[in-house]
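User: Please take me through this structure by question and answer. Keep it brisk.

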Amino acid sequence: MDSRTVALIRTTFKAVAAEDGGPERLARSFYSILFTDYPGIRDYFPAAMDAQRDRLVKAISYALDRLEEPDKLLPFLAQLGRDHRKYGVQPAHYVAVANSLKAAMRQFAGTEMWTEEVATAWDEGLATISGAMISAADKETTPPAWTATVVERREVLRNLSVIRVQLDQPMQYAAGQYVSVQVPTRPRMWRYLSPANPANANGEVEFHVRSVLGGWVSPAMVSHTEVGDQWLLGSPLGGLGVPRNTKRKMLMVGCGTGIAPLRAQIMAMAQRRVNPKVHLFVGGHHPCDLYDLQVLSQLAVANKWLTITPVSESDENPWWYYDSGEPQPDLPGLEPRMTGQIGKIVAAYGPWADRDVQIVGSPSMVQTTKFRLMAAGTQAKSIRHDPLF
């Protein structure tokens, strides 16, 4: 697309998004039009649409910001296209979505902003997006979804479980990627989880799941998953992964269950003969949130190129955490635990100018850490994180 087309699309979308409650209203209007004009599509969506509406706006925003960066946009759209096969999506559904989104945009933009030129620009933009997704889906030879049988659920904290599943057939994913997951008690409510281990020929995947207060899916995963349950997994997504440059050092920053994709990469790197130096900061609100230190300790001892620094915002555990009162032994291979906000601690080490940086955690943690690192001198192009949705 030329720069004029891109500018028209972005201008109209940003004008709508800038209104009070604009993104939420746009999403509600879009789905209302979609389900009214194409009632058969409603069966593809969950009963509760809050998460779906939020995800839609963020995905649109992410794509529009990269319309002039095909090397970044097209792989993202291809992954989405492959993942959408799990819904049974057909090309006609893309037409319905494009028509409904365009109608919602026209409704909000008004007759003064929504000119014929703007409408043509949106037609071109939506055709590019849907075309990339359809093409990737048509070329894919892997299953639309994998069936996974739960073989272990281990409660690590009151609100966090480690769950291991056995796939019906191996899945090839890059360590650091994530997959959409559906559990039997929450049909059509797909949630994103990152494997905590690299892909393997046995098809074994480990997930670290934290229960989100008020969430629809994560509490069911953490508290009600049983051995033998059948999960569905969608195609791999995400751009994180072990860089091919084995000479450039790495900085990894992960909070909570954000350690999972970073641990998977470290395990994959441990299988190589040559690796760069890696410094991993693993954080949590309380010391008990650093739940994976035993495994990380073993990795650090076995791999001298790996440095691990635990960080907690508080020195005290929460009231509900059982503490035997016995002092915790120092785990070999780990730096002493630090106390404070992880982004501030990492940035205080210096600019990290010689590092490739990966950050995984909540959207607020990722953004705060990223801005602190950039303020300390780290170049934005050296910092990677997956889309925050």
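User: Which residues does Thr5 touch, not counting residues up to four places away in sequence?
Analyst: Contact means heavy atoms within 4.5 Å. Thr5 sits in helix α1; helices (H or I, at least four residues) and strands (E, at least two) are DSSP runs, numbered from the N terminus. Leaving out residues up to four places away in sequence, Thr5 touches Ala121 and Glu124.

User: What are the ground rules for the numbering and the model?
Analyst: Residues are numbered from 1 along each chain as its sequence is written, and side-chain values use heavy atoms, with hydrogens and water left out. The model is predicted: local features need pLDDT of at least 70, side-chain atom pairs count only at pLDDT 80 or more, and totals for chains, interfaces and linings use all residues.

User: Is Thr5 buried or exposed?
Analyst: Buried means under 20% relative accessible area, exposed over 50%, and partly exposed in between (1.4 Å probe, protein chains only). Thr5 has 7% relative accessibility, so Thr5 counts as buried.

User: How far apart are the C-alpha atoms of Thr5 and Glu117?
Analyst: Thr5 and Glu117 are 112 residues apart along the chain. Their C-alpha atoms are separated by 8.6 Å.

User: Which residues does Met105 touch, not counting residues up to four places away in sequence?
Analyst: Met105 is among the residues with the most contacts inside the largest core. Beyond four places in sequence, Met105 touches Thr12, Phe13, Val16, Leu26, Trp114 and Trp122.

User: How many residues are in the second, separate core?
Analyst: This core includes Met250, Met252, Met269 and Cys288. Cys288 is buried, at a relative accessible area of 8%. The core has 24 residues.

User: How many disulfides does a search of the whole structure find?
Analyst: A disulfide is a pair of cysteine sulfur atoms within 2.5 Å. For Cys255, the nearest cysteine sulfur is that of Cys288, 13 Å away. The search finds zero disulfides.

User: Is Lys102 buried or exposed?
Analyst: Lys102 lies in helix α5 (residues 91–113). Beyond four places in sequence, Lys102 touches Trp114, Ala119, Asp123 and Leu126. Its relative accessible area is 17%, so Lys102 is buried.

User: How is the ring pair of Tyr31 and Phe35 classed: stacked, edge-to-face or tilted?
Analyst: Rings of Phe, Tyr and Trp (its six-membered ring) pair if their centres lie within 6.5 Å; planes under 30 degrees apart count as stacked, over 60 as edge-to-face and the rest as tilted. The count by this rule is 12 aromatic pairs. For Tyr31 and Phe35, the centres are 5.7 Å apart and the planes at 35°, so the pair is tilted.

User: Why are Tyr31 and Phe35 separated by about one helical turn?
Analyst: Tyr31 is buried, with a relative accessible area of 4%, and Phe35 is buried at 18%. Ring pairs link Phe30, Tyr31, Phe35 and Phe45 into a cluster. The separation is about one helical turn because Tyr31 and Phe35 are four residues apart in helix α2.

User: Over which ring does the charged end of Arg66 sit?
Analyst: A charge sits over a ring if NZ of Lys or CZ of Arg is within 6 Å of the ring centre and within 35 degrees of the ring normal. Lys86 lies over the face of Trp190, at 4.3 Å from the ring centre. For Arg66, the distance to the ring centre is 3.7 Å, and the ring is that of Tyr62.

User: Where is Trp352 found?
Analyst: Trp352 is not a glycine, yet has a positive phi of about 55°. Trp352 is buried, with a relative accessible area of 9%. Its place is the loop between α10 (342–348) and β11 (355–360).

Terms used. Core = buried A, V, L, I, M, F, W, Y, C linked by side-chain atoms within 4.5 Å.
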